[in-house]
Amino acid sequence: MRDKIREIEKSAVEEITLAVDADALEKARVKYLGRKGLVTELFKNMSGVSPADRAEIGKLINALKETVSKALDEKTPVLSGGSDSGAQKTDITLPGIIREIGRLHPISKTIEEICGVFISLGFKVVEGPEIENEHYNFEALNIPLEHPSRDAFDTFYLNDKWLLRSHTSPVQARFMETNKPPFAIIIPGKVYRPDATDASHSFMFHQIEGLVVSDNIRFSDLKGALTLFARQMFGENTRMRFRPSFFPFTEPSAEVDISCILCSGDAAQRAPHKCSLCGGKGWIEILGAGMVNPKVFRNVGYNPEKVTGFAFGMGVERIAILKYGITDIRMFFENDIRFLRQF
Amino acid sequence: MKLSYNWLKEYIDIRLSPEKLGELLTMAGLCVDSIHKKGNDSVLEIEITSNRPDWLSYIGVAREVGALTGKRLKIPNNVAVSCGSSQSRRGGVNGNSKATIRIEEKKLCPRYTARIIRNVKVGESPKWLKERLEAVGLRSVNNIVDITNFCLFETGEPLHAFDLDKLGGRSIIVRRASKGEKIKTIDGIERILDNDMLVIADDKSPVAVAGVMGGLYTEVSPQTKNILLEAAYFDPISIRRTSRRLALSTDSSYRFERRVDMGNIVRASDRAAQLILELAEGAAGEFIDMGKEEKVLKDIDLRLDRLNKIIGVAVSPSRAKSILTSLGLKVKPLSKNIVRLSPPGFRHDLQNEIDIIEEVARIYGYENIPETIPPVLEPGNRLSPDAVIDKNIRGILVNLGLSEIITYSLLSRKTVELARSSGDNVISIKNPISNEQEVMRPALVAGMLGSIRWNINRRSKDLKLFELGQTYFKEGDNSFIEKKCLAIGVTGQLYDGWIGHPRGVTLFDLKGIIEALFAQMGIKHVSVKEAINPVFSPASCACISVKDDAVGIMGQVDPKILRDFDIKETVYAAQIDCARLMRHISLEKKFRESPKFPSVIRDISIVADKNISNADIVSLIKETAGNILKDAEIVDRYSGGQIPEGKIGLTYRLEYQDPNRTLQDSDVQAIHSRIINALENNLGAKLR
């Protein structure tokens with residue numbers, strides 16, 4: 001009896017292993033486990049086993065049945081593609097049911113991203129009013145009345161004193177008036193300028209302003225912080241260029257360029273083949289920055305001998321346009337869902 | 001300013017290609033926007049910041065190139081022009097001359113010089129002169145006018161030549177215009193002046209808008225024989241005001257409003273006179289010089305340790321001194337740490353120590369300053385509570401499938417009226433550039449409807465949008481208020497892919513969004529009440545309250561408004577006042593043990609009068625059941641079929657739970673029966 005069990009096990013495993021199709025497998029199943037199958041027959045023959053051996057033989061037959069079943073189970077899906085071969089097949093090529101996911105506006109997304117970089121550098125996000133007065137928008141920032149430096153800041157007025165801020169810098173002055181250094185803040189928000197609207201101008205846009213003030217902040221810190229920012233935003237290989245410029249509220253001032261994200265500056269070498277983004281210059285301006293002008297510190301009641309600081313400002317739309325390759329600033333405010341869904 | 005490479009080389013040795021020169025200038029703060037080849041010349045388009053009017057001339061740029069490359073400036077030899085009566089070189093009216101000068105506004109015109117040149121031959125300019133002017137984008141007029149323009153670009157000092165014989169009384173009066181006085185300027189346009197504007201007049205009428213543009217009548221023409229050449233200094237603010245008021249910006253006004261170098265006036269006049277004698281013959285007449293020389297700029301002390309502290313690199317004292325010397329400053333060491341600096345007359349921008357520090361940093365090269373990381377200075381929260389809440393609102397709504405929009409804060413008055421948002425408290429813009437920006441939005445609905453229309457017109461009809469932004473109001477004339485609001489708009493169909501059937505969006509989809517948002521933000525005790533609002537259809541409009549604090553409004557947008565916005569679809573919208581909402585938000589989460597014992601769920605189906613509200617039924621159920629009832633919510637609502645007219649079939653799902661034990665059916669049975677009785681007795685409902 002024991003030999004027979006071993007023999008059946010050997011031949012069953014072999015047949016099942018070698019079965020090439022579902023039919024052969026089914027035949028093997030019937031041959032061994034069917035109602036008149038070999039394993040079933042063994043159970044029927046138990047009566048002929050001596051009572052002393054019966055328990056052990058029973059165990060062996062059970063083990064055999066298990067071995068054969070397992071072998072069959074394992075082979076079945078290989079051959080038939082499913083154990084439930086009778087059930088209706090699912091057309092797995094039908095599309096999944098997608099729950100619509102909403103999108104953040106690319107401007108919000110860009111603001112979050114920019115703020116995120118500076119938050120990781122230890123900055124705090126601060127906001128301020130969009131309706132401002134002459135003092136904070138101009139005078140406190142060393143932009144005198146009827147001075148050519150105001151040309152860069154055409155402004156919407158509500159009356160003789162109140163206006164729509166033409167940059168986020170007034171929040172600098174407001175913050176400094178009510179807070180003591182040291183601090184590092186970043187200020188996102190809407191700004192307004194009476195510009196005729198076209199593909200690259202909008203009367204409303206967004207800026208992000210940064211301000212760091214402490215007892216020992218240097219121009220080199222400004223360079224370090226902004227270089228980190230640009231690399232995070234535009235990639236590790238981004239090169240930067242700080243060139244001297246003029247802003248009434250910072251001195252020394254700089255305009256900051258990054259290597260062109262389209263041609264990486266190579267086109268500059270290969271003139272006259274001009275890059276559509278940088279015009280062959282190889283550089284794209286992304287922000288203005290500088291050391292806080294001592295006059296601004298004095299205007300808010302700080303002692304410029306005791307504190308130094310840097311400030312910077314950038315246009316969010318410009319950053320988003322560069323980052324995503326958007327071609328027209330008006331698209332941000334049309335809110336075409338086909339546009340919004342791309343971000 | 002257009003900078004011709006060849007022309008610039010007249011004043012300084014340049015051993016650099018135009019491209020390399022462009023790079024050098026850009027990195028020194030004279031941003032070169034573009035470089036164009038023009039024949040054998042290259043023209044650099046340079047952008048000059050408003051603090052550096054001394055760069056608004058070829059000699060000025062050459063001076064900078066000299067400082068950067070160590071080359072010497074080559075200023076054209078100024079032969080003192082022999083004057084008919086050289087004794088009159090300074091001071092007052094010349095007795096022998098018929099020309100007289102009178103300055104009535106010494107504040108606005110502290111210096112005025114006039115040179116008479118007689119018997120000039122007005123004619124065509126030589127080729128070299130024409131080429132120079134072409135390079136800077138000017139067209140040639142005649143030799144006299146061309147010379148004044150040439151000298152403006154060479155020296156930075158605007159000059160003007162009058163036809164002396166057309167000056168009434170041969171006199172020049174520098175005075176304010178009288179209100180309404182008129183002048184036809186050389187561009188042929190009649191300008192109406194006011195008494196804030198400075199004019200050059202003869203004995204009758206204005207002959208030039210001072211520092212801005214000359215008059216047509218006295219311009220130098222082919223018939224002109226004798227000229228009066230003006231070189232002067234005009235007050236920057238006055239010129240700027242006039243130029244803006246007349247909307248007329250010229251090469252001349254651009255320089256005057258940025259301040260010209262008063263010490264340069266006579267030299268520029270001499271240079272022009274010399275060229276006129278060379279190219280148009282004529283005889284130099286008297287030179288009249290009215291007003292005073294400007295006082296010398298004040299000295300500035302630079303602390304070398306301060307310099308290094310600001311820029312973050314140790315610039316050696318000798319390097320700092322050589323940089324400043326190259327820029328034309330006189331350097332006098334006062335101590336080991338302090339040097340006293342006397343700026344040259346053309347550097348009005350150098351007034352404080354920081355201006356000197358900037359100059360050193362600029363020439364030292366920003367690229368040579370290292371990069372360091374500022375210390376972390378903010379130990380506290382990185383986001384203000386407001387910003388945290390905004391971020392949460394945006395995140396939750398995006399997760400709920402809504403897309404964010406950003407619309408203009410400025411709108412046309414008409415749009416605001418169409419959106420039924422106009423009122424006395426709407427803020428008007430004083431100086432809009434188009435009627436699209438006349439007023440500030442008092443509500444977000446117009447922007448929302450505008451975006452919905454834009455999309456529907458482009459066949460995107462299924463929309464779930466939100467905007468988080470300011471609205472603006474005034475209280476009186478000098479008090480302006482900004483209020484942050486959240487707007488939500490939904491329209492079109494909801495889809496369940498190819499499995500389900502699309503259905504139209506309803507007010508309850510909108511309400512569900514709001515409920516989910518509020519729940520996620522920890523806002524409790526939310527209720528709605530019927531409301532009347534001009535934006536919404538009176539049949540479905542609700543005020544949303546949190547603990548009796550009205551935080552917002554929602555409903556179906558009034559079809560009349562939609563018609564005005566050209567929207568044919570149904571739109572549901574809401575506006576929520578974020579400042580009010582703030583008070584009820586609680587983002588703190590606290591863990592609570594899940595119930596240990598299972599709850600028992602029972603449904604009740606009733607038929608009730610159509611006018612009985614869900615809220616009435618739910619509150620009756622809750623009142624009757626007491627604490628054992630965990631929740632009661634409607635799961636079905638139907639009419640038609642076997643439901644009689646005027647009635648509605650309702651199914652409520654009731655969940656009973658005891659925190660301390662497993663409830664048995666028998667525990668619930670009594671309460672459940674009590675609820676059914678209450679519904680029947682109090683609300684006239686019938687069990688189905």
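Buried means under 20% relative accessible area, exposed means over 50%, and partly exposed is what lies in between. Keep that handy for the exercises below, and remember that this is a predicted model.

**Exercise 1. Is B:Arg420 buried, exposed or partly exposed, and where is it found?**

Step 1. Start with the accessibility: B:Arg420 has a relative accessible area of 31%.

Step 2. Hold that against the cut-offs of 20% and 50%. B:Arg420 therefore comes out as partly exposed.

Step 3. Now place the residue. B:Arg420 sits in the chain B loop between α13 (413-418) and β20 (439-440).

Step 4. Check the backbone too: phi is positive, about 55°, although B:Arg420 is not a glycine.

**Exercise 2. B:Glu230 carries a charged side chain type; work out its setting: which strand is it in, and which residues does it touch?**

Step 1. Find B:Glu230 in strand β13 (residues 227-233) of chain B.

Step 2. With 6% relative accessibility, B:Glu230 counts as buried.

Step 3. List the contacts, leaving out residues up to four places away in sequence: B:Tyr112, B:Thr113, B:Pro158, B:Leu159, B:His160, B:Phe162 and B:Ile200.

Step 4. Pick one of these partners, B:Leu159. B:Glu230 and B:Leu159 are 71 residues apart in sequence, yet 5.6 Å apart in space, C-alpha to C-alpha.

**Exercise 3. What do the buried residues of α7(A) pack against?**

Step 1. Get the buried set first: A:Pro170, A:Val171, A:Gln172, A:Ala173, A:Phe175 and A:Met176.

Step 2. Then see what they meet in chain A. The strands are β2 (131-133), β4, β5 (204-214) and β9 (308-315). The helices are α6 (134-137) and α10 (294-299).

**Exercise 4. Which residues of the largest nonpolar core touch the most other members?**

Step 1. A bit of background: in soluble globular proteins, nonpolar side chains tend to be buried together.

Step 2. The largest nonpolar core here holds 124 residues, and A:Phe118, A:Phe312 and B:Ile311 touch the most other members.

Step 3. Helix α8 (residues 219-234) of chain A gives this core its largest share, eight residues.

Step 4. Zoom in on A:Phe312. Not counting residues up to four places away in sequence, A:Phe312 touches A:Phe118, A:Phe123, A:Ile186, A:Ile208, A:Glu209, A:Gly210, A:Leu226, A:Leu287, A:Gly288 and A:Ala289.

Step 5. There is also a second, separate core of 86 residues, and B:Val136, B:Leu152, B:Leu246 and B:Met290 are among them.

**Exercise 5. Why is each chain called more spread out than a compact globule?**

Step 1. Take chain A, with 13 helices and nine strands. Its radius of gyration is 38 Å, well over the 20 Å that the globule rule gives for 343 residues, so chain A is more spread out than a compact globule.

Step 2. The box around the C-alpha atoms of chain A, along the principal axes, is roughly 120 × 45 × 45 Å.

Step 3. Turn to chain B, with 19 helices and 32 strands. Here the radius of gyration is 40 Å, well over the 26 Å from the globule rule for 688 residues, so chain B is also more spread out than a compact globule.

Step 4. For the C-alpha atoms of chain B, the box is roughly 125 × 60 × 50 Å.

Step 5. Finish with burial: 53% of the residues in chain A are buried, and in chain B 52% count as buried.

How values were computed. Residues are numbered from 1 along each chain as its sequence is written. Chains are lettered from A and ligands numbered from 1 in the order in which they are written. This is a predicted model: local features need pLDDT of at least 70, side-chain atom pairs count only at pLDDT 80 or more; totals for chains, interfaces and linings use all residues. Side-chain values use heavy atoms; hydrogens and water are left out. A nonpolar core is a set of buried Ala, Val, Leu, Ile, Met, Phe, Trp, Tyr and Cys residues joined through side-chain atoms within 4.5 Å. Buried means under 20% relative accessible area, exposed over 50%, partly exposed in between (1.4 Å probe, protein chains only). Helices (H or I, at least four residues) and strands (E, at least two) are DSSP runs, numbered from the N terminus. Contact means heavy atoms within 4.5 Å. The radius of gyration is taken over C-alpha atoms; the globule rule is 2.2 Å times the number of residues to the power 0.38.
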